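Please look over the sequence and the structure below. The paragraphs after them go from one part to the next.

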Amino acid sequence: MSQRVGIIGFGQTYHRSRRDDVTGIELINEAVRSALEDAELTIKDIDAVVIGNMDHFEAVNYVDTWSVDGSGAWMKPLIKLTTGGTTGSTLGIAGYHHAASGLFDVVLVIGWEKNSESDTTGAIITCSDPIFDRFSFSGALPGLAVEASAYIKRYGITEEDAARVAVRDRTHGANNPYAQLQTPVTVEEVMKSPMLSWPIKLLDICPRSDGAAAVIFAGERKARQMCPQPAWVHSTAVRHSHAYFCDVNYEELHTLEGAVRELYDHVGIKEPLKELDVVELYQPYSFAGLKWIEAMGLCKPGESPRLIWDGATDMGGELPFNPSGGVICTNCIGATGLLRIGEAALQVMGRAAGRQVPDVNLALATGFGGAYWSDLMLLGRRPW
Amino acid sequence: MTTSPEEHIIYDGRIKMPYTWAAGKTSSYFLTQLRDYGRLWGTRCPDCAMVYMPPRKNCPRCVVTDTTWVELPPRGVLETFTVVHFSEPSLQPMEPPYIYGIVRLDGADTGLTHLVSEIEPNRLRSGMRMEAAFKKLEQRRGEITDLLYFRPEGGGRQ
């Protein structure tokens, strides 16, 4: 009964720091209509809907029901999923599973967030264990900062190396009309930006965005009927680690290492730097753009700054990262992982307009969240 | 209620919801030992021998429950740290800059996230020896913050 699956449509909102002109339901609907338009479908073509966000950012705890008027799930099978920062990638993988099972042919997947509606740190703190973890690593920043701290001390990485990663993504973001931040920055500007939690500075870290994304997955028969060039799902991999931040081994990102090993082995990738054509990395802050590409096997530990400064991950480089500008330019959290999948799909479909990487055969999208969890989805031009 | 320049109405809200969080038998033992004696206990898994700190009723990796108690000294190694420069007065009463560190107590396989104090931030380095400072007995309440913070072993400044 199982079937191969391709992405046949992708839509997103114009992401902003706040969208006071729409409610969350209306924001969701913008992405849904955009995805249906992209796939040249109507809501009647959709068999099931998967939606998700991080409940506590808007304090609406039955989002699946509440959002039906915007999601188009009226009188359809509907499920809500939420897994913290990985929500968007979880949604994409769940949409793939729904279609791959053969029980549903065309599945609409929606991720969204209105980060402007709450205090992000106050909301994120509720993810942490109330007995042991909540008093300390409130919010996202310190938990990321200790990772950066451990990594740069071990390998002698500089803050300028990380700044160059932020410069890359902000430069790419200028090509993406949907990105919240579309102005390039320089290494000097990153270095001079206010220190938030050493060594992370303001321009090293992602913004908070209001936005939504919608991706349409279809089983092989429908995908071929409905779309001239689907982005075929080749493989997915998921690794969760411990719940407490104090249990994480900050010297490596074991979850990403484990996930890429499974995915590369599954599809036969030996040299990812050469074989992958583009990566949309869920990279919430600049230092991750160094350490995590080492976890992905693109170079040896501690050697990522050379790839970054050489421009290997820039547009036009050997393996461009984040043509969309990535998470450093846009971070509507429940949508962020799904944006990676949607943007990777656009690259495979050849529909990424001003941010298109030429001749993309394989595109990798990642998700990140929780206490250093990793999700992956590999998309390709031909069915796998 | 506020109104944006475009006359979009924005409602202000605050949900204050009382909760109770049960620490459970395992963590309660840890917390009462911390409160009453200033002693720190981890748990060892009978299968993989990992010593977890804070203690776990079941081994997170092997998913077996017959873990055994291991007393840990209030000393260990600073694995990593950050110096926080922003303020969250409603959540974090500390005045920035302040330091979060992860300290792996001697004999434990996992670290404990906590505050680090009695040292200038520019003197911090990963791998340095740390010791726990506890609140005074009469101030302890059975919370992880009964451990006041970690400081350089042998005493920090002041």
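In this predicted model, the hairpin made by strand 10 and strand 11 of chain A has three residues between its strands, and Gly370(A) there takes a positive phi near 55°. Strand 10 covers residues 362-369 of chain A, and its pairing with strand 11 of chain A is antiparallel, over eight bridges. Within this pair of strands, Gly367(A) is found opposite Asp375(A) of strand 11 of chain A.

Strand 11 of chain A also pairs with strand 8 of chain A, residues 231-239, again in the antiparallel sense, here over seven bridges. One of the residues involved is Val233(A), whose bridge partner in strand 11 of chain A is Leu379(A). Strands of a sheet are held in such pairs through backbone hydrogen bonds, and the pairing may be parallel or antiparallel.

Is strand 11 of chain A, residues 373-380, enclosed by the rest of the structure or open to the outside? Eight of its eight residues are buried, so strand 11 of chain A is largely enclosed by the rest of the structure. In a regular strand, side chains alternate between the two faces of the sheet. For strand 11 of chain A both faces are covered.

The core takes at least three residues from each of domain 1 (5-119 + 209-226) and domain 2 (135-208 + 233-379) of chain A. Nonpolar side chains tend to be buried together in soluble globular proteins.

Which residues does Ile216(A) touch, leaving aside those up to four places away in sequence? They are Ile7(A), Ile8(A), Gly9(A), Ala35(A), Ala39(A), Leu41(A), Val106(A) and Leu108(A).

Ala35(A) and Ala39(A) are among the buried residues of helix 1 of chain A. This helix runs over residues 24-39, and its 16 residues reach 23 Å from the first C-alpha to the last, close to the 22 Å expected at 1.5 Å a residue. Helix 1 of chain A is mostly covered, with 12 of its 16 residues buried. The cover over these buried residues includes strand 1 (5-12), helix 3 (68-71), strand 4 (106-114), strand 7 (210-219) and helix 9 (220-226) of chain A. After helix 1 of chain A comes Glu40(A), with a positive phi near 55°.

Chain B is the next topic. In the contact of the two chains, 29 residues come from chain A and 32 residues from chain B. On the side of chain B that touches chain A, the elements giving two or more residues are strand 6 (75-84), strand 7 (98-105) and strand 8 (112-116) of chain B. Strand 6 of chain B gives the most, with six residues. Sorted by class, this side of chain B has 15 nonpolar, 14 polar and three charged residues.

Chain B also has an open sheet of three strands in the order 4-3-5, with antiparallel pairing. Strand 4 (51-52) and strand 5 (68-72) of chain B are the edge strands, each pairing on one side only. Strand 3 of chain B, residues 40-44, is joined to strand 4 of chain B by two bridges. In this pair Thr43(B) stands opposite Tyr52(B) of strand 4 of chain B.

Key. Residues numbered from 1 in each chain as written. Chains lettered and ligands numbered in written order. Predicted model: local features only at pLDDT ≥ 70, side-chain atom pairs only at ≥ 80, totals over all residues. Helix = DSSP H or I, 4+ residues; strand = E, 2+ residues; numbered from the N terminus. Expected span 1.5 Å × (residues − 1). Buried ≥ 20, exposed ≤ 12 C-beta atoms within 10 Å, placed from the backbone. Contact = placed C-beta atoms within 7 Å. Nonpolar A, V, L, I, M, F, W, Y, C, P; charged D, E, K, R; others polar. Domains from an automatic or database assignment. Pairing = 2+ DSSP bridges.
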